[in-house]
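Trainee: I am new to this structure. Please show it to me before we talk.

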Amino acid sequence: MDAVLVIDKPAGMTSHDVVARVRRLLAERSVGHLGTLDPSATGVLPLLIGRYTRLAQFFGSGTKTYEGTIRLGFATDTYDADGDPLESVQSVQVSLEQLQEVARTLTGEIEQQPPKFSAKKIAGVPAYKLARKNQEIDLKKVRVQVHRFEIHNLEEDRARFTAEVSTGTYVRSLAHELGERLGTGAHLAQLRRTIS
């Protein structure tokens with residue numbers, strides 16, 4: 001079978017889990033995805049099947065759109081809700097306008113620090129495997145393009161947002177950086193990819 005299949009990935013599965021399940025269901029070995037989603041993230045996960053896997057090289061520089069929630073008040077080691085807090089929870093005294101202003105400073109071409117709990121490779125080993133062993137990790141900053149990072153509303157310590165970013169951008173890192181610039185700490189609480 002040669003096809004493109006768009007999956008609405010549920011939370012709790014890795015992108016590789018989805019690929020493995022489709023391989024079994026279709027009895028097809030050649031299955032690949034276009035852009036990893038973290039296990040806790042949901043949404044659009046395109047798969048290439050059969051000879052269409054050869055087309056993956058033409059999809060490497062696309063723009064992806066996400067919607068989600070950022071929790072203010074503390075950062076985590078993974079930059080998302082699955083991680084351990086890096087600090088005690090603090091009360092949040094910021095306005096929606098302040099959030100929106102800081103989010104605008106994170107748009108355009110920026111240098112971004114990938115999370116140490118990520119699939120970025122260090123000497124051929126995914127960073128998250130080293131991080132789980134508490135090994136020292138030196139991930140270089142990468143240049144990414146953030147076309148849009150809009151905060152829509154703020155309810156207590158939760159901010160709803162939309163982000164349109166280049167391939168390779170970590171939305172978790174956007175949330176973390178937002179918290180650092182606000183001085184409140186923050187992490188990604190929920191994420192859904194709507195366009196891939």
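This is a predicted model: local features need pLDDT of at least 70, side-chain atom pairs count only at pLDDT 80 or more; totals for chains, interfaces and linings use all residues.

Trainee: Is β4 largely enclosed or open, and how many of its residues are buried?

Mentor: Strands are DSSP runs of E with at least two residues, numbered from the N terminus. Buried means under 20% relative accessible area with a 1.4 Å probe, counting protein chains only; exposed means over 50%, and partly exposed lies in between. β4 is largely enclosed by the rest of the structure, because the buried residues among its ten number seven.

Trainee: Which residue of β9 is the bridge partner of glutamate 67?

Mentor: Two strands pair if DSSP finds at least two bridges between them. β4 and β9 (residues 158-166) are antiparallel, with nine bridges. The partner of glutamate 67 in β9 is threonine 162.

Trainee: Which residue of β10 is the bridge partner of arginine 71?

Mentor: β10 (residues 186-195) runs antiparallel to β4, and eight bridges join them. In β10, arginine 71 is bridged to histidine 187.

Trainee: What is the relative accessibility of phenylalanine 58?

Mentor: Phenylalanine 58 sits in the loop between β3 (42-49) and β4 (63-72). Phenylalanine 58 counts as exposed, because its relative accessibility is 64%.

Key:
Residues are numbered from 1 along each chain as its sequence is written. Side-chain values use heavy atoms; hydrogens and water are left out. Helices (H or I, at least four residues) and strands (E, at least two) are DSSP runs, numbered from the N terminus.
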